[in-house]
Amino acid sequence: MKAVRLHRVGSGVQVDEVPVPRPTSEDVLLRVEAAGLCGSDAHIINGRTPLPDYPRILGHEVAGTVCETGPSAAGVEVGARVAVNFLITCGQCRYCVSGRTSLCLSREGLGVVRDGGFAEYMVVPARNLIHIPGAVPFRHAALATDAFATSLHAISKRAQVQAGEGCIVVGVGGLGLSAVQLLKIRGAYPIIAVDADAKALELAMSLGATHSIPASAMGDENHPAWAAAGSPIHAFDFVGRPETVQAATHAVDRGGRVVVVGHSPNSWNTADGSTMVREEKTVMGSYAFDKNEIEDVLGFMSRGLIDVDTMIGQVIGLDDVDQALATFGASGRIPGRTLVEPAAGALTEGAFLLAEEPERTMS
Ligand SMILES: [Zn+2]
Ligand SMILES: [Zn+2]
């Protein structure tokens, strides 16, 4: 089969011909229908997120069709349409037992530490699969697994946003746009989008933001936009640079929370300790998601509460992944979300072929 692999940091990815993996014990073999390209993939190829070994098949936002089950795989059948929870967790450590699986002491990511979904086929433990509701296309389901679930985790589990509470979303690229939509579903008001890119702000307004503020005005409390937006209680920082965390900390109301999702190796420079104490402000991190949050997002999608198509910038084949990642690396952002559809191309010689083509609802 064809697979997009990273052989070493700094050399980009390449399409290789590799054997189709076999599902053993509790694993299943998926035919990959759609896989999202994520900012984390760019961090992996440029070495900011080093991997324990190479080569590695990237791709961690995956939806597909089950085409073979291992001897002890339970709860899934051949032909099922499924989304993949890319975080493999132990189920036994104190974090897993208490429901905070994204903190698992021995978590391993598919498409990171194990082979992922930028390939025609992929092996996944059965317990990491979530059935896709009938009305949700594969393209949308792929984005539920990370782009939306990560934002939902920050909003519901970390900040615990309630209806009527004001929120700032700093950085309205892929994850920020999903946050805007999820905050709208939750009844947050106002929803203030902050970004340096005027087009991104326009998109955020069309997807549910109630106010937009250019990044240059974020630290300027006299900017007219702040007078209209008031003093929100929550801020979600999808950029995660010291200057954005600092500006978000100043912008939230007394008692406010800043949830940082974007990674940066630099120290956060929030505010002087006296202000943090007297104004009871909290700055916290938020990492990935738990499996039930993917299920919640798929539920929102099946009820038509989320506009995913507007967020999809382009759909490409495996051969174009290297170029797409290079473009992202050069610009620092992906214009809308990029989806990879391996099955769109012809299957390569010797690939595992299905005896029976399962029903496909992909548009
Ligand atoms: Zn990702
Ligand atoms: Zn664990």
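Which residues in H7 are buried? The structure examined here is a predicted model, in which local features need pLDDT of at least 70 and side-chain atom pairs count only at pLDDT 80 or more, while totals for chains, interfaces and linings use all residues. Residues are numbered from 1 along each chain as its sequence is written, chains are lettered from A and ligands numbered from 1 in the order in which they are written, and side-chain values use heavy atoms, with hydrogens and water left out.

In H7, the buried residues are Pro242, Thr244, Val245, Ala247, Ala248, Thr249 and Ala251. Buried denotes under 20% relative accessible area, exposed over 50%, and partly exposed the range in between (1.4 Å probe, protein chains only). Helix H7 spans residues 242-251 and is mostly covered, with seven of its 10 residues buried. Helices (H or I, at least four residues) and strands (E, at least two) are DSSP runs, numbered from the N terminus. The buried residues of H7 pack against helices H6 (224-229) and H8 (273-278), and against strands E11 (167-170), E14 (234-237), E15 (257-260) and E16 (282-285). Contact here means heavy atoms within 4.5 Å.

The zinc ion (ligand 1) is coordinated by Cys38 (SG), His60 (NE2) and Asp146 (OD) at 1.8 to 2.2 Å. Donors are N, O and S atoms within 2.8 Å of the metal (3.2 Å for Na, K and Ca); water is not among the atoms, so sites may look incomplete. Along the chain, these donors follow the spacing C-x21-H-x85-D. Cys38 lies in the loop between strand E3 (27-37) and helix H1 (39-45), and Asp146 in helix H3 (residues 138-158), so the pair ties together parts that are 108 residues apart in sequence. Both Cys38 and Asp146 are buried.

Cys93, in the loop between strand E7 (87-88) and helix H2 (94-97), and Cys104, in the loop between H2 and strand E8 (108-109), are 11 residues apart and link distant parts of the chain. Cys93 and Cys104 are both buried.

Three strands form an open antiparallel sheet in the order E2-E1-E4. Strands count as paired if DSSP finds at least two bridges between them. The edge strands, E2 (13-17) and E4 (56-57), each pair on one side only. Strand E1 (residues 2-6) pairs with E2 over five bridges in the antiparallel sense, and Arg5 stands opposite Gln14 in E2.
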